[in-house]
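Subject: Structure for you to look at

Hello,

Here is the structure we talked about, with the sequence alongside. My notes on what was found in it follow below.

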Amino acid sequence: MQPRNKTDIFFDLDHTIWDFEKNAEETLMELFDIYHFRNLGIHAPDRFIETYNRNNHRLWAMYHHGKISKKELREARFADTFRELGIDPKLFPSSFETDYLRLCPQKTNLFPHSHETLGYLKEKYTLHLISNGFNDAAQVKVVKCDLKKYFNTMVISELVGVHKPHPEIFHYAVKHANTDIAKSVMIGDSLEADIQGAQRVGMDAIYFNPCDATVPEYVTQSIRSLDELTRLF
C-alpha cells in the first residue's frame with residue numbers, strides 16, 4: 001500500500017472507533033441492577049455479560065450473512081443468554097431490550113486516540129464510515145461521541161440492503177463518496193467483513209487489531225492502536 005496515492009479512508013465504526021464491548025458492558029451492568037437479575041438466580045453480572053457477548057457475536061455473524069433478521073437478532077441474543085444460564089427465556093423482561101437499545105448507543109467510550117487520529121487524518125484525507133450496525137443506533141453514536149464532523153459520508157448496511165463483506169456495499173460506498181477503489185483504504189477490526197471484504201473488490205485494507213490476535217498472511221498491514229495511523233499516513 002502506498003498512502004501517498006490515497007485520497008479517501010473508510011472506517012468501520014463498532015469495535016474500531018466506538019468501543020462496543022466497553023459501552024455494552026457499562027449498559028448491561030446498569031440494567032442488571034435495575035432489573036434485579038439476582039432475584040432470578042443470576043448472581044454474577046460478569047457471567048451474564050460474558051454469556052451475552054458470546055451470543056451477540058454469534059448472532060451478529062448470522063445477521064451479516066443474511067441468515068437472520070434484525071428482529072430475530074434482537075429477540076434471540078438475550079433469550080439465548082437466559083436459556084444458557086438455565087433460566088426460562090420467558091422470564092426475560094421485554095423492556096430490558098428496549099432500555100438497552102436506548103442507553104447503549106448513548107455511551108461515549110471510544111478506542112484510545114480516536115479523536116486525535118481522526119482530526120489528523122481529516123486534514124489530509126477525506127474520511128468515511130461503513131458500518132454493519134443498525135442505522136438508528138449508529139446515528140446516535142456519531143452524534144453523542146462528536147464524530148460526525150470527521151466524516152463526509154456514512155454508509156449503513158441496514159439502509160443499503162447488504163452487509164460487509166458483500167462487494168456491493170463497498171462499491172456503493174466508493175460511488176457515494178465520489179472516489180474510486182484505487183484511491184481508497186478500509187480500516188476495521190473484522191478480518192472477514194472489513195479486510196477480506198475490501199480486498200475482494202481490490203481495495204487496500206488495514207486491520208485494526210487492539211487485542212494482538214494472530215494476523216493471517218493475507219493481511220498486508222495491521223495496527224494495534226489508532227494513533228499508528230498518524231505515522232502511516
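Methionine 186 has its place in strand S4, residues 184-188, of what is a predicted model. With a relative accessibility of 0%, methionine 186 counts as buried, because the limit for buried is under 20%. Leaving out residues up to four places away in sequence, methionine 186 touches Phe10, Phe11, Asp12, Ile130, Lys164, Phe170, Asp194, Ala198, Met203, Asp204, Ala205 and Ile206.

Serine 131 is found in strand S2, residues 126-131, and is buried, with a relative accessible area of 3%.

Next, the nonpolar cores. Which residues touch the most other members of the largest nonpolar core? They are Phe11, Phe48 and Leu147, in a core of 46 residues. Helix H1 gives the most to this core, with five residues. A second, separate core has 19 residues, including Phe170, Ala177, Val201 and Met203. As for phenylalanine 11, its contacts beyond four places in sequence include Thr16, Leu118, Leu127, Phe151, Met186 and Leu229.

On to the aromatic rings. A pair of aromatic rings is described by the distance of the centres and the angle of the planes. The count comes to 23 aromatic pairs. In one of them, the ring centres of phenylalanine 32 and phenylalanine 37 are 5.7 Å apart and the planes stand at 75 degrees, so the pair is edge-to-face. Phenylalanine 32 is buried, with a relative accessible area of 1%, and phenylalanine 37 is buried at 0%.

Tyrosine 52 and tyrosine 100 form another edge-to-face pair, with 5.8 Å from centre to centre and 70 degrees between the planes. Tyrosine 52 lies in helix H2 (residues 45-64) and tyrosine 100 in helix H4 (residues 94-103), so this pair ties together parts that are 48 residues apart in sequence. Both tyrosine 52 and tyrosine 100 are buried.

Helix H4 has two sides to look at. Its buried residues are Phe96, Glu97, Asp99 and Tyr100. Seen down the axis of H4, these fall within an arc of 165 degrees, so they line one face of the helix. The face turned away from that buried side carries the exposed residues Ser94 and Thr98. What covers the buried residues of H4 includes helix H1 (20-34), H2 and helix H3 (70-84).

Last, the charged side chains. Side chains of opposite charge can pair when their charged atoms come close. The count of salt bridges comes to 18. One of them joins aspartate 14 and lysine 141, at 3.0 Å from N to O. Aspartate 14 lies in the loop between strand S1 (8-11) and H1, and lysine 141 in helix H6 (residues 135-144), so the pair ties together parts that are 127 residues apart in sequence. Aspartate 14 is buried, with a relative accessible area of 11%, and so is lysine 141, at 6%. Lysine 141 also lies over the face of tryptophan 18, at 4.0 Å from the ring centre. Likewise, lysine 70 lies over the face of phenylalanine 134, at 5.0 Å from the ring centre.

Other salt bridges sit within a helix. Glutamate 50 forms one with arginine 54, the closest N and O atoms being 2.5 Å apart. Both lie in helix H2, four residues apart, about one turn of the helix. Glutamate 50 is partly exposed at 42%, and arginine 54 is partly exposed at 36%. In helix H3, glutamate 75 and lysine 71 are also four residues apart, about one helical turn, and their side chains meet in a salt bridge of 2.5 Å, N to O. Here glutamate 75 is partly exposed, at 48%, whereas lysine 71 is exposed, at 56%.

Regards

Definitions and conventions:
Residues are numbered from 1 along each chain as its sequence is written. This is a predicted model: local features need pLDDT of at least 70, side-chain atom pairs count only at pLDDT 80 or more; totals for chains, interfaces and linings use all residues. Side-chain values use heavy atoms; hydrogens and water are left out. Rings of Phe, Tyr and Trp (its six-membered ring) pair if their centres lie within 6.5 Å; planes under 30 degrees apart count as stacked, over 60 as edge-to-face and the rest as tilted. Buried means under 20% relative accessible area, exposed over 50%, partly exposed in between (1.4 Å probe, protein chains only). A charge sits over a ring if NZ of Lys or CZ of Arg is within 6 Å of the ring centre and within 35 degrees of the ring normal. The arc is that of the directions from the helix axis to the C-beta atoms. Contact means heavy atoms within 4.5 Å. A nonpolar core is a set of buried Ala, Val, Leu, Ile, Met, Phe, Trp, Tyr and Cys residues joined through side-chain atoms within 4.5 Å. A salt bridge is a side-chain nitrogen of Lys or Arg within 4 Å of a carboxyl oxygen of Asp or Glu.
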